[in-house]
Amino acid sequence: MIKKAKKWRHVFKLDPNRRLSDLALEKICQSGTDAIIVGGTDGITFQNTWQLLERIQKYQVPCVQEISTMKAIVPGFDGYLIPSVLNTDQAKWIHGAHLEAIRRYGSSIPWEQVLLLGYVILNPEAKVSRLTQAKADLTEEEAAGYADLVENLFRWPVLYVEYSGTFGEEKKVRAIRRKLKRTRLFYGGGITNEEQAKTMARWADTVVVGNVVYTNVEKAVQTVTWVKETKLQEKG
Ligand code: 1GP
């Protein structure tokens, strides 16, 4: 299942720690998005993650968990996304927590269902930025350096440009995109209207939409069409 992530064009990210009505959830699940990511930065528990998964499982849409804390890993998702934050000095967020999980769960980890995401956080105000002590204030060249790191040195499958909560700078996203050939680019952050959705859909293979689900679900649903009707720029 997680191999299908290579084809995702649009995904929603739902936060188990935020309320969403049944009707809104139905609209999101039936929007035509390629997948739902369940995850968030704070207040994530086994229970709220489990409850959200159960509600989403009534629908056909694939549903994966983005793991942010070991305590809330829930079996039953179609796949698991494992973030590794690259622009931090805190080893915990790069690979420390990951090693701890491997030590604890070792042989029972379903590796074929796991996808690694190399995170570059570019919004200094985002909660995730403060939590991971990310050096988010990067120049265009510095940001592009991370793209080289992920594409050419690490050869990781995905680079996730995270602007969580604010719309990103197109120039930086474009500079990152230009370095990537095999690595897939995920973009997330601040998409609330057509222009924003289309701008980032030109550069990012996969566009992640989160917050607007909770503030304007109709707009959120429209982002699926806006992203999918936008032509992705050629790579490299
Ligand atoms: C958050 O990248 C996602 O992790 C989406 O960002 O919530 O700002 O849409 P928004």
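Me: In this predicted model, which residue forms a salt bridge with aspartate 89?
Reply: The model is predicted. The closest N and O atoms of the pair are 3.1 Å apart. A salt bridge needs a side-chain nitrogen of Lys or Arg within 4 Å of a carboxyl oxygen of Asp or Glu. The partner of aspartate 89 is lysine 135.

Me: How many residues apart are aspartate 89 and lysine 135?
Reply: Aspartate 89 sits in the loop between β4 (79–85) and α3 (91–105). Lysine 135 sits in the loop between α4 and α5. The pair links distant parts of the chain, and the separation is 46 residues.

Me: Is aspartate 89 buried or exposed?
Reply: Exposed means over 50% relative accessible area. Aspartate 89 has 59% relative accessibility, so it counts as exposed.

Me: Which residue forms a salt bridge with arginine 182?
Reply: Arginine 182 is in the loop between α6 (170–179) and β7, and its partner is in helix α5, 31 residues apart. The closest N and O atoms are 3.3 Å apart. The partner is glutamate 151.

Me: Which helices hold arginine 202 and glutamate 170?
Reply: These two residues form a salt bridge, with the closest N and O atoms 3.7 Å apart. The pair ties together parts that are 32 residues apart in sequence. Arginine 202 lies in helix α7, and glutamate 170 in helix α6.

Me: How many salt bridges does a search of the whole structure find?
Reply: Some belong to a network, where Lys13, Glu66 and Glu162 are linked. The search of the whole structure finds 14.

Me: What is the largest C-alpha distance for the "binding site" at Asp15 and Thr41?
Reply: UniProt places this feature, from an unreviewed entry, at Asp15 and Thr41. They are spread over 27 residues of sequence, yet they cluster in space. The largest C-alpha distance is 8.3 Å.

Me: Is aspartate 15 buried or exposed?
Reply: Aspartate 15 lies in the loop between β1 and α1 (22–29). Its relative accessibility is 13%. Buried means under 20%, so aspartate 15 counts as buried.

Me: Where is glycine 190 found?
Reply: UniProt lists Gly190 for "binding site" in an unreviewed entry, with others including Lys13 and Glu162. Glycine 190 is partly exposed, at 24% relative accessible area. Its place is the loop between β7 (184–188) and α7 (194–203).

Me: What is the phi of glutamine 133?
Reply: Glutamine 133 is in the loop between α4 (127–132) and α5 (140–154). It is not a glycine, but its phi is positive. The value is about 50 degrees.

Me: What is the phi of arginine 155?
Reply: Arginine 155 is in the loop between α5 and β6 (158–162). It is exposed at 60% relative accessibility. Phi is positive in this residue other than glycine, near 55 degrees.

Me: Which residues gather in a patch of positive charge?
Reply: One of them, lysine 3, is found in the segment before β1 (10–14). Lysine 3 is exposed, with 63% relative accessible area. The patch on the surface holds Lys3, Lys4, Lys6 and Lys7.

Key. Residues are numbered from 1 along each chain as its sequence is written. This is a predicted model: local features need pLDDT of at least 70, side-chain atom pairs count only at pLDDT 80 or more; totals for chains, interfaces and linings use all residues. Side-chain values use heavy atoms; hydrogens and water are left out. Patches are made of residues with over 30% relative accessible area and no salt bridge: like charges are joined within 9 Å, nonpolar side chains (Val, Leu, Ile, Met, Phe, Trp, Tyr) within 5 Å. Accessible areas come from the Shrake-Rupley method with a 1.4 Å probe; for residues, only the protein chains shown count as cover. Lys and Arg count as positive and Asp and Glu as negative; His and the chain ends are not counted. The place of a charge is taken as NZ of Lys, CZ of Arg, CG of Asp or CD of Glu. Helices (H or I, at least four residues) and strands (E, at least two) are DSSP runs, numbered from the N terminus. Buried means under 20% relative accessible area, exposed over 50%, partly exposed in between (1.4 Å probe, protein chains only). UniProt positions are given in the numbering used here, feature names are shortened, and annotations may be inferred rather than shown by experiment.
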